[in-house]
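This report walks through a two-part account of how side chains pack and how chains meet. Please keep the sequence and the model in view while reading.

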There are 2 protein chains.
Amino acid sequence: MTAPLRVGLAGLGTVGRAVVHELLDNADALAARAGRRLELTRVVSRTPRPEVNLGGAPFDTDLGTLTADDTVDVIVETIAGEDADAALAAARGLFEAAIAAGRHVVTANKALIALHGNTLLPAAEQAGVRVGFEASVAGGIPILNALTQGLAANRIEWLAGIVNGTSNYILTAMTERRGDFDTALAEAQRLGYAEADPAFDIEGVDAAYKLAILAGLAFDVPFDFGSVHTEGIAGVDVEDIEYARELGYRIKHLGIASCSDAGVRARVHPCLVPEHALIAKVDGVMNAVQVSGHAVGSTLYLGPGAGGAPTASAIVADLVDIARRERPGRRELRAVQSGGAAMDALRSAHYLKIPAVDEPGVFAHVAEALSREGISIEGAIQRARAIRAGEGAQWVPIVILTNVVAEADVRRATEAIEALDGVSGAIRRIRVADFGGAA
Amino acid sequence: MTAPLRVGLAGLGTVGRAVVHELLDNADALAARAGRRLELTRVVSRTPRPEVNLGGAPFDTDLGTLTADDTVDVIVETIAGEDADAALAAARGLFEAAIAAGRHVVTANKALIALHGNTLLPAAEQAGVRVGFEASVAGGIPILNALTQGLAANRIEWLAGIVNGTSNYILTAMTERRGDFDTALAEAQRLGYAEADPAFDIEGVDAAYKLAILAGLAFDVPFDFGSVHTEGIAGVDVEDIEYARELGYRIKHLGIASCSDAGVRARVHPCLVPEHALIAKVDGVMNAVQVSGHAVGSTLYLGPGAGGAPTASAIVADLVDIARRERPGRRELRAVQSGGAAMDALRSAHYLKIPAVDEPGVFAHVAEALSREGISIEGAIQRARAIRAGEGAQWVPIVILTNVVAEADVRRATEAIEALDGVSGAIRRIRVADFGGAA
């Protein structure tokens, strides 16, 4: 294996700590993926956090030690702070120093890229310094990767996204609970989805930074935050949400960018979205970006848009990319048993359609046969309408939804049921896939 | 700009022709993206198609000419044919010859990768030959790119996808029109979504190839098509779909792969999916893959899973990637007017909530003011319940949905309406985002 990629980290807030956690806890798997180890060699934070395990990496409160340290190949910038302007200035200074020192940079800082990317990125390229900023837009969703690589064959015509989880959470809460804006905002703040000063999110500034980045990459133009038309969600009340629903729409806070002969247009504002559109169903703090390209048509990318672990997922993916490109290693396959977990052991809920005769007691016998295998009934349907079978008997299918059980158990139970008097023919069995409401 | 990447193409079926079209028609944009030109230098097809414009590239019916031609840097393999075994054997032979000749390979052939990828990919790596197969799974959705790069920081826990458009189309048609399987299949065949011999799709074999590829990349294990438990959709009837609906589910044909201590499990079969899950709403020929990683949580990727242009989108993206990695060039920014299309010119439908007094004639005056700006009313709500205003007058908001109009026109109209007798206060205006049912 080639030499490790040595990582220096600036910032130990939620995101910085999550990056440390991933680098230390997932080190072997990352090395197998990247073809080299990702080694945390220095950490800097304004505020010491002795409770965080840094895996032995030296700690300092002075940012300058990161760029001065020759054991650092790439600097991860996750500087946060109450004072946004000061944090941005510190991030910019660090980025410039990293370029001067020839260190690669990975950042989650959307303001930095949207406002200063036009000078920082070419300067980095000139210096042979790689820059990753996947984490700056839509958290863990690899949308920048999709735009710059996966969809590279396309002239992107437009994109539209829910890119601010706070605003989407508030609109979702207002829609679901028919409550007012202030109540929804207070709820979001209580749950940690909104800051004490929520202006940056609810006035659309955060979304506008992200849209400026998306538009720049999608249309191959400079980032232009100043030209993004920006409106927040404060002008939407619950009555609007109700009227919109009556008209067949949901209200979402969207960032929309398009490119035509007239130029690039980028705008962030509340929108009525047809209720059947998938993006209308993206609720809570989830983010989603829909992209339309001339060849591919319309594609959609959805996932968690914020939070420590999802943002760290994007940052570490950028690190893996830099590790691979710098010194290509060999991706290692794992010695995991393939096909090892036999279907018999698979556990899922089951839909069973049982061809049964409409006689007293049949349902009880079916329930008994299930019970013998430890299977309980979560739902059942037996319709009144009877189906006349050949001999004149009344056949009424019994439909049962079971609890989550092992495949082998449900197979034994269905064999026993098929052998019952009052049951004729094969049972239709379809497994239930439970996505746990994940998306 | 560095030297062009010279592309040889095998196959002039739907996909091959779409690749030719993209390479010729979008050449300048691709060159700007890739940092070098993508030049079509040779085309081979068993059947000559003189009607296809090849941009001057020499044509031959003999595959051997592709590997023998030193003006070819990368071979795009899109061999199709009635005889699937023969097409697979030809594709495999071409791939091996390409490796021997040191030519990179891009393919859309899922059977080739799922069945022979375990030997072909390491052989290619050994020979320094790059291989792209993004197009082999889920058409234009850059899902392989997401798994291998965007989500590279994650231990993937499971993934579940709708990866066969034919099966999804048939299930959607049965669900929406409450029709039987044979009718839905005939409809799919008439629309070109199903082959004359549909077995490959509806028995789940196509989905199993794709799932084997997804699982291999997600879990860093060899491709193992033989271990994929495979069931098709023929066992689902419209009665099952109805019962499932009553229980709160949709029936979808899913490929599901998971990795645990017990090993990798991969299975393709019909599933009941909770109706609120996003993947339950992926209808028609659309594909979608949901991926759960330990850090990022759950993400979802959706788009067109088949067809010439979407598949070409994935193939050409692989070409761009090879072009960039081989000889990194500079991505060129375009001289497009940014922010040039002023908001005044933006055209959209609008939601207007007008604070109006509940008196005869007010609605008519509103309609007149809209009409003067060429704006028509697509929908309107005026509720019976009145809101008592300060002076005891009855205020009832008039809610109007307009047709698609220019921002400037609707602004003039709202100013005129705000000045009307019987209207008091500011009009709430929210734009409608119409995704055209795209997704």
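A polar contact is a pair of N or O atoms within 3.5 Å, where within protein one atom must be able to donate a hydrogen and the other to accept it, and where residues adjacent in sequence count only if both atoms are side-chain atoms. Helices (H or I, at least four residues) and strands (E, at least two) are DSSP runs numbered from the N terminus. The model is predicted, so that local features need pLDDT of at least 70 and side-chain atom pairs count only at pLDDT 80 or more, while totals for chains, interfaces and linings use all residues. Residues are numbered from 1 along each chain as its sequence is written, chains are lettered from A and ligands numbered from 1 in the order in which they are written, and side-chain values use heavy atoms, with hydrogens and water left out.

**Helix α11 of chain B**

At the start of α11(B), a side-chain oxygen of Asp237(B) comes within 3.1 Å of the backbone nitrogen of Glu239(B). The helix covers residues 238-246, and its buried residues (buried means under 20% relative accessible area, exposed over 50%, partly exposed in between, with a 1.4 Å probe and protein chains only) are Glu239(B), Asp240(B), Ile241(B), Glu242(B), Tyr243(B) and Ala244(B). Just after α11(B), Gly248(B) has a positive phi of about 95°.

**Where the chains meet**

Asp240(B) also forms a salt bridge with Lys353(A), with the closest N and O atoms 2.9 Å apart; the term stands for a side-chain nitrogen of Lys or Arg within 4 Å of a carboxyl oxygen of Asp or Glu. Across the interface of chain A and chain B the rule finds 14 salt bridges, and 43 residue pairs are in polar contact there, both at pLDDT 80 or more. On the side of chain A that touches chain B, the largest share, ten residues, comes from strand β10 (residues 263-274) of chain A. Contact means heavy atoms within 4.5 Å, and 117 residues from chain A and 117 residues from chain B take part.

His269(A) is found in strand β10 of chain A and is buried, with a relative accessible area of 0%. Its side chain is joined to that of Arg267(A) by a polar contact of 2.9 Å. Leaving aside neighbours within four places in sequence, the residues in contact with His269(A) include His229(A), Glu231(A) and Arg431(B).

**Aromatic pairs**

Rings of Phe, Tyr and Trp (its six-membered ring) pair if their centres lie within 6.5 Å, and planes under 30 degrees apart count as stacked, over 60 as edge-to-face and the rest as tilted. The structure holds nine such pairs over all chains, and two of them are listed here.

| Pair | Centre distance | Plane angle | Type |
|---|---|---|---|
| Phe133(A) and Phe223(A) | 6.4 Å | 90° | edge-to-face |
| Tyr209(B) and Phe225(B) | 4.4 Å | 25° | stacked |

Phe133(A) lies in the loop between β6 (131-132) and α6 (143-150) of chain A and Phe223(A) in the loop between α10 (205-219) and β8 (229-230) of chain A, so the pair ties together parts that are 90 residues apart in sequence. Phe133(A) is buried at 11% relative accessibility, and Phe223(A) is buried at 8%. In chain B, Tyr209(B) is buried, with a relative accessible area of 10%, whereas Phe225(B) is partly exposed, at 23%.
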